[in-house]
Amino acid sequence: MNPGAAIHPRQKGKRILVVDDEPRMIGFIRMNLELEDHLVIEAHSGLEALDAIRTQLPDLVLLDVMMPELDGFETLRMLREFSDIPVIMLTAKGEENDKVYGLELGADDYITKPFGPRELSSRIKAIFRRLEKPTTDEAILHIDDRLSVDFNRREVIIKDERIKLRPTEYRLLYHLIRNAGWTVPHDQLLQKVWGYEYRDEAHYVRLYVNYLRDKIEEDPANPQYIITERGVGYRFVDFRN
């Protein structure tokens with residue numbers, strides 16, 4: 001593993017960990033990321049990746065799925081036990097099940113090989129856009145006697161218990177609450193939360209709505225806050241009336 005070097009004072013980019021057992025792929029990714037002033041850290045196995053995340057503190061992980069011994073899925077599962085660092089899966093498989101499985105394990109996005117520099121750059125920029133917190137004038141918003149949202153700390157409060165939201169979960173909840181009482185179409189949520197380039201990835205919305213329901217609903221199978229409007233989108237209950 002290449003542990004990387006300290007960031008130069010004028011470094012404008014991010015620290016990005018690239019995990020792949022193919023040197024050519026790492027070389028291709030390194031060349032393109034360094035052109036955008038990112039600092040690249042290398043790992044050639046899942047175990048090296050887990051060690052690098054603990055010691056090098058990268059801002060983002062590009063994680064290949066097909067690796068010997070510890071594959072990308074298992075690496076991601078272990079990673080999520082101690083870190084919520086953004087992860088983009090790199091996969092040569094285009095099957096929907098593989099993509100959804102990675103997202104269910106906690107991946108933030110995926111790129112199917114082969115991919116070009118523009119797609120790689122676009123996906124990375126979209127991840128960092130989602131890490132930015134939407135602004136709101138209300139620090140803590142009380143939905144009802146059971147549920148409140150702390151916008152400053154990016155948490156939901158359920159009967160005095162604080163539950164941390166991941167950045168994408170927070171952005172999705174923010175946009176639903178901002179339009180409380182109105183149905184927000186799938187494509188609008190994709191554009192607002194993930195970015196315009198994700199307009200055809202409807203499964204992202206379904207998956208993250210399920211994540212939110214698991215965290216805020218008393219009975220996720222019979223939601224009271226986030227209502228499905230079939231074939232159209234989702235509506236957050238109108239709590240201001």
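Two strands count as paired if DSSP finds at least two bridges between them. Helices (H or I, at least four residues) and strands (E, at least two) are DSSP runs, numbered from the N terminus. By that rule S8 and S9 pair in the antiparallel sense, over four bridges.

This is a predicted model: local features need pLDDT of at least 70, side-chain atom pairs count only at pLDDT 80 or more, and totals for chains, interfaces and linings use all residues. Residues are numbered from 1 along each chain as its sequence is written, and side-chain values use heavy atoms, with hydrogens and water left out.

**Four-stranded sheet**

- The open sheet runs in the order S6-S7-S8-S9, with antiparallel pairing.
- Strand S6 (140-142) and strand S9 (161-164) are the edge strands, and each pairs on one side only.
- Neighbouring strands are turned by 25° against each other on average, direction ignored. Axes here are lines fitted to C-alpha atoms, for helices over the stretch in contact, and angles run from 0 to 180 degrees between N-to-C directions.
- Three antiparallel bridges join S6 to strand S7 (residues 147-150). Leu141 stands opposite Val149 in S7.
- H8 packs on this sheet and touches S7, strand S8 (155-158) and S9. Contact means heavy atoms within 4.5 Å. The direction of H8 makes about 40° with that of S8.
- The bridge partner of Ile157 is Arg162 in S9.
- Two residues lie between the strands in the hairpin of S8 and S9, where Lys159 takes a positive phi near 50°.

**Three-stranded sheet**

- A second topic is the open sheet of three strands, ordered S10-S12-S11 and paired antiparallel.
- Strand S10 (183-185) and strand S11 (226-229) stand at the edges with a single partner strand each, so one side of each is left without a neighbour in the sheet.
- The twist averages 30° from one strand to the next.
- S11 pairs with strand S12 (residues 233-236) in the antiparallel sense, over four bridges. Ile226 stands opposite Phe236 in S12.
- Helix H6 (residues 167-178) packs on the sheet and touches S10, S11 and S12. The direction of H6 makes about 70° with that of S12.
- Helix H8 (residues 202-216) lies across S11 and S12, and runs at about 150° to S11.
- The hairpin of S11 and S12 has three residues between the strands, and Gly231 there takes a positive phi near 80°.

**Aromatic pairs**

- The whole structure holds 12 aromatic pairs. Rings of Phe, Tyr and Trp (its six-membered ring) pair if their centres lie within 6.5 Å; planes under 30 degrees apart count as stacked, over 60 as edge-to-face and the rest as tilted.
- One of the pairs is Trp194 with Tyr208, edge-to-face at 5.7 Å centre to centre and 65° between the planes.
- This pair links distant parts of the chain: Trp194 is in helix H7 (residues 186-194) and Tyr208 in helix H8, 14 residues apart.
- Both Trp194 and Tyr208 are buried. Buried means under 20% relative accessible area, exposed over 50%, partly exposed in between (1.4 Å probe, protein chains only).
- Tyr110, Trp194, Tyr198, Tyr204, Tyr208 and Tyr211 form one aromatic cluster.

**Charges over rings**

- Lys14 lies over the face of Phe128, 5.1 Å from the ring centre. A charge sits over a ring if NZ of Lys or CZ of Arg is within 6 Å of the ring centre and within 35 degrees of the ring normal.
- The charged end of Arg54 sits over the ring of Phe82, at 4.1 Å from its centre.
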